[in-house]
Amino acid sequence: MNPDAPPVEAPTGVRPETGLEPEATAGEGVEGGLPDGVQGSILHGLPEAPPPPPPAPAAPIRVSQGIRPPAKVRDAAPVYPPLALSARVEGIVILEAVIGTDGRVTEARVLRSIPLLDQAALDAVRRWVYTPTLLNGMPVAILMTVTVTFTLK
């Protein structure tokens with residue numbers, strides 16, 4: 001027989017509760033509870049709560065090791081500028097974007113430029129939406145590098 005198995009028969013000598021049983025008085029405690037005078041007992045209160053988590057940083061933090069980059073949940077393709085299209089300009093524009101606590105791009109600036117494509121890249125990235133990034137369980141604003149690729153078909 002397995003000693004960890006639950007009993008299959010009710011124990012003898014256990015009476016059903018009627019709701020009229022006398023209540024324990026102060027000082028008696030509860031069977032198996034903490035003795036009086038011990039921190040955490042009813043008479044002496046609970047120990048202090050743990051300190052709250054540190055506040056979220058005020059400035060955006062850079063996505064790095066230990067912080068998982070957010071997932072893009074809404075993408076917006078850039079609109080090819082007519083002048084760049086007629087000049088057959090292709091390439092990549094690299095941007096630095098600030099993603100707010102709600103996952104929306106709040107700021108963006110060009111790091112690697114193709115002058116005819118920069119504004120279209122900025123416009124597209126500002127419409128992107130990401131999952132919020134959490135640090136210690138709290139949403140934080142992050143700074144992230146993103147790439148927008150322009151190719152002619």
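Is N136 buried or exposed? In this predicted model, N136 is exposed, with a relative accessible area of 53%, a value that falls in the exposed class because that class begins over 50%. The residue is found in the loop between β6 (133–135) and β7 (138–140), and its phi is near 55°, a positive value in a residue other than glycine. A positive phi, of about 60°, is also found at R88, which is not a glycine either. R88 lies in the loop between α1 (82–86) and β3, and at 58% relative accessibility it counts as exposed.

The strands may be considered next. Strands of a sheet pair through backbone hydrogen bonds, either parallel or antiparallel. Here, four strands form an open sheet with mixed pairing, and their order across the sheet is β1-β8-β3-β4. The edges are taken by β1 (61–62) and β4 (105–112), each of which has a single partner strand, so one side of each is left without a neighbour in the sheet. Within β8, T145 is the bridge partner of E96.

Helix α2 (residues 118–125) lies across β3, β4 and β8, and it runs at about 150° to β4. Six of the eight residues of this helix are buried, so α2 is largely enclosed by the rest of the structure. The buried residues of the helix are D118, A120, A121, L122, A124 and V125, and the elements against which they pack are β3, β4 and β8.

In soluble globular proteins, nonpolar side chains tend to be buried together. The largest nonpolar core of this model holds 28 residues, of which L95, L117, V125, W128, V146 and F150 touch the most other members. Two or more residues are given to this core by each of β3, β4, α2 and β8. The surroundings of V146 can be listed in detail: leaving aside residues up to four places away in sequence, V146 touches V93, I94, L95, A97, V125, W128 and Y130.

A pair of aromatic rings is described by the distance of the centres and the angle of the planes. A search of the whole structure finds two aromatic pairs. The rings of Y80 and F150 have centres 5.5 Å apart and planes at 85°, so this pair is edge-to-face. Because Y80 lies in the loop between β2 (72–74) and α1, whereas F150 belongs to strand β8, the pair ties together parts that are 70 residues apart in sequence. Y80 counts as buried at 18% relative accessibility, a value that meets the requirement because buried means under 20%, and F150 likewise counts as buried, at 2%.

W128 and Y130 also form an edge-to-face aromatic pair, with 6.5 Å from centre to centre and 70° between the planes. W128 is buried, with a relative accessible area of 5%, and Y130 is buried with a relative accessible area of 5%. The face of W128 has a further neighbour in K72, which lies over it at 3.5 Å from the ring centre.

Technical notes
Residues are numbered from 1 along each chain as its sequence is written. This is a predicted model: local features need pLDDT of at least 70, side-chain atom pairs count only at pLDDT 80 or more; totals for chains, interfaces and linings use all residues. Side-chain values use heavy atoms; hydrogens and water are left out. Two strands pair if DSSP finds at least two bridges between them. Contact means heavy atoms within 4.5 Å. Axes are lines fitted to C-alpha atoms, for helices over the stretch in contact, and angles run from 0 to 180 degrees between N-to-C directions. A nonpolar core is a set of buried Ala, Val, Leu, Ile, Met, Phe, Trp, Tyr and Cys residues joined through side-chain atoms within 4.5 Å. Buried means under 20% relative accessible area, exposed over 50%, partly exposed in between (1.4 Å probe, protein chains only). Rings of Phe, Tyr and Trp (its six-membered ring) pair if their centres lie within 6.5 Å; planes under 30 degrees apart count as stacked, over 60 as edge-to-face and the rest as tilted. A charge sits over a ring if NZ of Lys or CZ of Arg is within 6 Å of the ring centre and within 35 degrees of the ring normal.
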